[in-house]
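Let us learn to read a structure by asking simple things of it. Have the model in view as you go.

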Amino acid sequence: MLMSNIGSYDNRIKDFSWSIAERELDYQEGNEINIGWYCTDRICQMGKGDKTALIWEGFGGKEKKLTFNDLRVSSNTIGKFLREIGIEAEDRICLFMDKIPELYLSFLGGLKIGAIVQPLFSAFGEESLFVRLENAQTKAIITNKKHVGKIRRIIEKSEFLEHIIIVDYDGKKPLKDREIAFSLENAEPVEEFQIHPTKAESPSVLHYTSGTTGQPKGVKHVHYSLISQYLTTKWVLDLQDDDIYWCTADPGWVTGTSYGIIGPWSLGITQCVLDSGFSAGAWYKFIQKHNVTVWYSAPTAIRALMKAGEDVIKEHNLSSLRHLASVGEPLNSEAVIWSKKVFGHAFLDTYWQTETGSMMLTNYPGMKIKPGSMGKPFPGITATVVDNVKFEPIKEVGKIGLIAFKPGWPAMMRTYWDNEEVYQTKFKNGWYLPGDRSSIDNEGYYWFVGRDDDIINTGGHLVSPFEVESALLEHEAIAESAVVSKPDEINMEVVKAFVTLKPGYEEGPDIELKIMNFIRKKLSPLAMPQEIEFVKNLPKTRSGKIMRRLLHAKEWGEEIGDTSTLEDDE
Amino acid sequence: MDDLKNVILEYVIEEYLEDEDEELTFDSPLISGGIVDSFSMVSLKRFLENSYKISIPDEKATPEAFDNVHKIAKLVEEYTS
């Protein structure tokens, strides 16, 4: 039986220091540290240049394999191109692509020149894209031609975007203003490249996340995040030299970069990427074909696999799998038990978020698993639950409080982009509060309870009700809107909207569909209300504020609570 | 049947296809091909229900059943007949 990297959790938490990772990465305080270099050049210098780094499969059986040396040279080539068009250190470059190899290589190439890489989920609609580009004052966007249409629709009002780089331009239609074609296949490979001398606190990645109020926030990370991303990958995902690893997350989200690029490649691990839509059969076939050993996925996908049944599992040989983990939303105990039964290994839950940059609470190989629990703090992470008044640790076992972490781990966000004020509100009484509630049992295991705000977690992605409500008001028929989550068997929660219509518009299935599609195109499929309820009035306080709380309680069958501030409902 | 398939195909092209140069047929994989994602599938289902005055049970609206125009048309026929 394979010895796990972490060994004994209890032994690891004694005398833990992040210097363990620093030593393994040959890093000393004050040195240059560049994630792009660590994921490519360093691995080649360790003699693994010919090792497969990426096995990529696109739809219809298209396949590519890249070695670590290919990663090194191709990221150099992209870095050189970006420099030549005038991208400088700390300029923001957005990656807005399908999960094609260029996405991964551009991420590394951008970091190598010291630029701040801003990955965005390619299913975002034009409004979602625009507000994130404007907020970051993004200078260049790298995309594939499939998504150029969305960019063209916002380019006129975009003040800062200077370059639209298309990686698969086929010459069939002329390029438009600010568009440039770049093809890795046709570019001169760059063997030698001067990597920007980034330091620990140099900014690296800007991921956007939704807030309860206001616009999405850009979470700023730095190159030093590598330290905890490297060690959590090694100890929690337990990646070992001959593993074949599959992280199903899209690099438009933080899991796809922290554990879909930085973690595995800084360890010199072979990873697989499947760039096609979800299908249980296709996923199992992919695992079988590439002999995937370690699989990091999400509860929504796991529940969808459960729904697909066991017959499709029996049609495949999945015996290569040896370790499974999950992230994005709480992993229900049924899914843990089911995975142990059908794969021979339980999916182990991990808890963290965009702002934390790396895993915080997790289950570890070899540790007793309590299905439904998020596990225990990673060594070096000081965690607790606090009350919501004085924000002091709750000593009572099993009592629900706000999850709290002592700041200072390497991958912690450094600020929200251009929004230090909101960043500061995340800290209370010396603790960082991620906004989730939990209890801790008598053995120190954390049990997720729910969000402490109105944010909707759908399929592991956060959606701001405020953003959806604002977009709804831009629809010609809508007078007022309120957005809450409603329970969903697969996605845990989905978006539900309550709307009142302007005079002259009549409720009905056709207008409901029009509104759904309006939001899908404007924001994203995730933000599209899966149900719209037409109401005459929305519940409001006497001061006119919409009481989302009442609507949420109705959807979840909860007690409505205090309604003393509710205006008369006539 | 072909009329039904054409209506579905036109709707998919109009609503979900991002790449203007991509050509879709009745056989094109929609869900596994990444043209319609699982969230958007809800709006496609709603379109079918509105257009043909039917109700498709959630358990029948699987990614496999929506994976191409042929399969979707078959599903619609099942509930209209």
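Q: Which residues does Met306(A) touch, leaving out those up to four places away in sequence?
A: Two residues are in contact if their C-beta atoms, placed from the backbone, lie within 7 Å. Here Met306(A) touches Ala335(A) and Trp338(A), not counting residues up to four places away in sequence. This is a predicted model: local features need pLDDT of at least 70, side-chain atom pairs count only at pLDDT 80 or more, and totals for chains, interfaces and linings use all residues. Residues are numbered from 1 along each chain as its sequence is written, while chains are lettered from A and ligands numbered from 1 in the order in which they are written.

Q: Is Met306(A) buried, partly exposed or exposed?
A: Count the other C-beta atoms within 10 Å: 20 or more is buried, 12 or fewer is exposed, and in between is partly exposed. Met306(A) has 18, so Met306(A) is partly exposed.

Q: Where does Met306(A) lie?
A: Helices are DSSP runs of H or I with at least four residues, strands are runs of E with at least two, and both are numbered from the N terminus. Met306(A) lies in helix 12 (residues 299-308) of chain A.

Q: Which residues of helix 17 of chain A are buried?
A: An α-helix has 3.6 residues a turn, so residues three or four places apart point the same way. In helix 17 of chain A, the buried residues include Glu512(A), Ile515(A), Met516(A) and Ile519(A).

Q: What do the buried residues of helix 17 pack against?
A: Their partners include helix 7 (126-136) of chain A and helix 2 (41-52) of chain B.
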